[in-house]
Amino acid sequence: FDALARPATVQQILREPYFDADMVTDELVDVLLTPLLQPGSADVVFDTLSYSAGPLPEQQLADTRLEAPVLVLYGEQDPWTP
């Protein structure tokens, strides 16, 4: 975790889904990195990444209690969102 919670690593990871790498600014890296440097953050990240319980997004979208339309967009070349 300590190897990942570094500015250069976060910047490299973010450049993957961004079409324009210039959009990965130092400010963006700082906004995302700051919470990762707080005590206990590694436990939260690992819990989040290993969480497999709960409804899938498709199940949530099928919930008839939804009162607002939902639009999900992603790019054809998006490496993270199929």
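Exposed, in these notes, means over 50% relative accessible area, and buried means under 20%. I'm working from a predicted model.

**Asp26**

I started with Asp26, which sits in helix α2. Is Asp26 buried or exposed? Its relative accessibility comes out at 62%, so I put Asp26 down as exposed. I also checked how far Asp26 is from Leu56: the two are 30 residues apart along the chain, and their C-alpha atoms are separated by 33 Å.

**Ser41**

Next I looked up Ser41, which belongs to helix α3, residues 41-50. Ser41 has 10% relative accessibility, so this one goes in the buried column. What does Ser41 touch, leaving out residues up to four places away in sequence? I found Phe1, Pro35 and Leu36.

**The core**

Then I went to the largest nonpolar core. Which residues make it up? I count six residues there: Ala5, Val10, Leu14, Val24, Val29 and Leu33.

Skipping residues up to four places away in sequence, Val24 touches Gln11, Leu14, Arg15, Tyr18 and Val29. Leu14 and Val29 are on the core list too.

I moved on to the largest pocket, with a volume of about 440 Å³. Its lining has 15 residues, and those closest to the centre are Val10, Ile13, Leu36, Val45 and Leu49. Val10 I had already noted in the core, and Leu36 I had met as a contact of Ser41.

Which helix gives the most to the lining? The answer is α3, with five residues. I also noted that α1, α2 and α3 each supply at least two residues of the lining. By residue type, the lining splits into 14 nonpolar and one polar, with no charged residues.

**Gly75**

My last stop was Gly75, in the segment after α4 (57-61). Gly75 has a relative accessible area of 38%, so I logged Gly75 as partly exposed. How far apart in space are Gly75 and Pro17, C-alpha to C-alpha? I got 9.6 Å, although the two are 58 residues apart in sequence.

Methods: Residues are numbered from 1 along each chain as its sequence is written. This is a predicted model: local features need pLDDT of at least 70, side-chain atom pairs count only at pLDDT 80 or more; totals for chains, interfaces and linings use all residues. Side-chain values use heavy atoms; hydrogens and water are left out. A nonpolar core is a set of buried Ala, Val, Leu, Ile, Met, Phe, Trp, Tyr and Cys residues joined through side-chain atoms within 4.5 Å. Buried means under 20% relative accessible area, exposed over 50%, partly exposed in between (1.4 Å probe, protein chains only). Contact means heavy atoms within 4.5 Å. Helices (H or I, at least four residues) and strands (E, at least two) are DSSP runs, numbered from the N terminus. On a 1 Å grid over the protein atoms alone, a cavity is a set of points where a 1.4 Å probe fits but cannot get out, and a pocket is an open set with protein on both sides within 12 Å along at least five of seven lines; lining residues have an atom within 4 Å of a point. Grid points are joined across faces, edges and corners, and a volume is the space filled by probe spheres set on the points. Ala, Val, Leu, Ile, Met, Phe, Trp, Tyr, Cys and Pro count as nonpolar, Asp, Glu, Lys and Arg as charged, and the others, Gly among them, as polar.
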